[in-house]
Every structure is written in C-alpha cells, then in structure tokens.
Amino acid sequence: MTQASRKMQRTILAWCCLLLVCAILVMLILSGRLWFNMPSKTRYPVRGVDVSHYQGKIDWEVIAQQDITFAFIKATEGSGTVDECFADNWEASHNAGLYTGAYHFFSFDSGGDTQAENFIQTVPVQTDALPPVIDLEYYRSENLPTTETVRENLQIMLDALTRHYGKTPIIYTTNQCYEEYLKGTDMEYILWIRSVFTPPSSKLEPEWSFWQYNPRGLLDGYEGDEQFIDLNAYCGTMEEFIAQFNTAE
C-alpha cells in the first residue's frame with residue numbers, strides 16, 4: 001500500500017468517525033436526551049412547564065418534585081375549543097403547590113372578542129393564579145389576515161382579559177411572530193418568548209419574563225401521546241417572581 005493510499009484511508013476513517021459522532025448527537029437531540037440551549041440554573045433558578053391534552057394524564061405531584069415551580073396549562077383555542085384536560089390539570093397543579101396559569105391558543109380566523117369570551121367562560125378568576133396567556137404563533141403559512149387585523153384582535157383580547165382578571169396578560173410568541181405582530185407596538189403585556197437554539201435577544205421590548213428553551217424536554221409524571229414536555233425558565237429569582245405576580249408562597 002502506498003503512502004498516498006494510507007493517507008486516503010486515514011482521511012476516510014476520520015470522516016466516518018465524525019459522521020458517526022454527528023449522527024449520535026442528532027439522535028440524542030431528537031430523543032430529548034441532549035439539549036444545548038440550557039439556561040444557567042444559577043442565573044435562572046425558577047423553572048416551569050407548559051402542557052395540553054397531548055401530555056395526557058399528568059401526575060402533578062411528580063412533576064413538582066423535578067425542580068418545577070410553575071405551570072401554564074392550555075385552556076382554550078380560538079372561539080369555541082376547550083382543552084379536554086384543562087379542568088383536571090388546573091385543579092391538580094394548584095393542589096400540587098405549583099404556581100399555575102392558563103393559556104389560550106390564538107386563532108387567526110376569529111375575532112379577539114369571541115376568543116376572549118371562550119377563555120373567560122373556561123378559566124376561573126383565582127387570585128393566586130398567574131396572569132392569563134395568549135399563545136401567538138403560526139399554525140399555517142397561507143391566507144393569513146393582515147398584520148393590522150391580527151394586532152387589532154390581539155388588542156381586543158388583551159383588553160378583555162385585563163378587565164376580567166385584573167392582571168396584565170402574558171403573550172407567548174416566537175421570534176418570527178414577535179417581529180411581525182408585536183415589535184414596535186404600544187400593547188401592554190408580559191413577554192414569554194420561545195427561543196430554542198439561542199438565548200432570547202437582549203433587544204426585545206418589553207424584556208422577556210419567560211423563556212421556553214426546550215420543546216423536547218423529558219420528565220416523569222405524564223403518559224399521553226406526546227412523549228415530550230415544554231420546559232421554561234423565568235428571568236429572575238423566586239423572590240422577584242413572587243413580587244412580579246403578587247402571589248403568596
């Protein structure tokens with residue numbers, strides 16, 4: 001075997017090893033066993049989850065034992081859909097000692113007034129609950145209403161929830177939807193940003209309060225069709241969390 005042939009073999013072997021390592025990393029990420037975008041537990045000690053009926057039956061006592069402090073539970077979607085597991089999750093998560101809030105999946109296809117009414121009819125007023133959440137994200141790419149129409153319906157819903165619950169609502173959103181619908185507006189809301197590859201931008205206005213950093217988390221305590229659970233962090237200490245949301249320990 002010539003020196004050139006041996007060099008070629010070593011090169012091929014090196015590339016094969018690199019591809020194998022990459023394949024293993026991809027498999028670990030897809031399986032939820034490895035995630036690179038992890039916030040510091042020292043800097044962001046307050047952690048939480050968000051769930052829907054996809055997680056099925058949830059043992060909230062078990063969830064609470066895994067360094068989880070808060071939970072956002074899907075309540076409604078659009079103008080007529082109610083999550084089938086909301087009532088059970090709402091009661092059980094509170095009973096497990098978690099700080100609990102409810103979220104609404106915003107529809108581009110109906111008005112802010114009827115969406116707010118759906119949420120209000122479903123989610124009780126509870127003084128120790130976290131503020132109501134509007135989940136603003138794309139679920140299709142065609143035939144979207146104008147930016148102005150979406151903002152108008154968002155504002156209608158924000159106003160209605162603020163009046164009814166007496167708390168400034170939270171908006172959960174992606175970076176893309178933030179740029180399209182929220183950036184530069186004068187809407188009053190608390191920002192919950194999804195950013196799964198990098199930490200949230202320091203240029204967000206308002207500054208983010210919640211960060212969904214991992215949509216493929218793995219915890220014990222649920223047995224639905226969805227094997228993963230969304231993981232979130234709060235931007236502050238436990239004392240700051242309690243002070244911001246006027247909630248008692």
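# Briefing: cores, charges and backbone

Glu179 counts as partly exposed, its relative accessible area coming to 46%, and the side chain of Glu179 meets that of Lys183 in a salt bridge with an N to O distance of 3.5 Å. The model is a predicted one, and a search through the whole of it returns four salt bridges but zero disulfides.

**Nonpolar cores**

- The largest nonpolar core comprises 49 residues, and within it the residues with the most contacts are Val49, Trp60, Ile63 and Leu136.
- Helix H5, which spans residues 147–165, contributes the most to this core, supplying seven residues.
- A further core of 17 residues lies apart from it, with Val46, Tyr99, Leu130 and Met238 among its members.
- When neighbours within four places in sequence are left aside, the contacts of Leu136 include Phe106, Phe108, Val150 and Leu154, as well as Ile171, Tyr172, Cys177 and Leu182.

**Strands and helix H4**

- Helix H4 (residues 112–122) has as its buried residues Gly112, Gln115, Ala116, Asn118, Phe119, Ile120 and Thr122, and these pack against strands E2 (70–77), E3 (81–82), E4 (99–105) and E5, together with helices H3 (86–95) and H5.
- Strand E7, covering residues 190–194, is mostly covered, with four of its five residues buried.
- E7 pairs with strand E6 (residues 170–174) in the parallel sense through five bridges, and in this pairing Thr174 stands opposite Arg194 of E7.

**Charged residues**

- Asp135, a residue of strand E5 (residues 133–136), is buried yet takes part in no salt bridge, the nearest side chain of opposite charge being that of Lys74, 7.2 Å away.
- Beyond its neighbours within four places in sequence, Asp135 is in contact with Tyr103, His104, Phe105, Phe106 and Tyr172.
- Lys74, which counts as buried at 10% relative accessibility, forms a salt bridge with Glu77 in which the closest N and O atoms are 2.6 Å apart, and Glu77 is partly exposed with a relative accessible area of 29%.
- Another salt bridge joins the side chains of Lys41 and Asp67 at 3.7 Å, N to O; because Lys41 lies in the loop between helix H1 (3–30) and strand E1 (47–51), while Asp67 lies in the loop between H2 and E2, this pair ties together parts that are 26 residues apart in sequence.
- Lys41 counts as exposed at 56% relative accessibility, whereas Asp67 counts as partly exposed at 41%.
- Lys183, the partner of Glu179, counts as partly exposed at 45% relative accessibility.

**Cysteines**

- Cys85 is buried, with a relative accessible area of 15%, while Cys235 is partly exposed at 35%.

**Backbone**

- The peptide bond running from Glu205 to Pro206 is cis, with omega near 0 degrees, and Pro206 is placed in the loop between E7 and strand E8 (208–217).
- Asp67, situated in the loop between helix H2 (60–64) and E2, has a positive phi, near 65 degrees, in a residue other than glycine.
- Asn143, situated in the loop between E5 and H5, likewise has a positive phi in a residue other than glycine, with a value near 55 degrees, and at 71% relative accessibility Asn143 counts as exposed.

Methods
Residues are numbered from 1 along each chain as its sequence is written. This is a predicted model: local features need pLDDT of at least 70, side-chain atom pairs count only at pLDDT 80 or more; totals for chains, interfaces and linings use all residues. Side-chain values use heavy atoms; hydrogens and water are left out. A nonpolar core is a set of buried Ala, Val, Leu, Ile, Met, Phe, Trp, Tyr and Cys residues joined through side-chain atoms within 4.5 Å. Buried means under 20% relative accessible area, exposed over 50%, partly exposed in between (1.4 Å probe, protein chains only). Helices (H or I, at least four residues) and strands (E, at least two) are DSSP runs, numbered from the N terminus. Contact means heavy atoms within 4.5 Å. Lys and Arg count as positive and Asp and Glu as negative; His and the chain ends are not counted. A disulfide is a pair of cysteine sulfur atoms within 2.5 Å. Two strands pair if DSSP finds at least two bridges between them.
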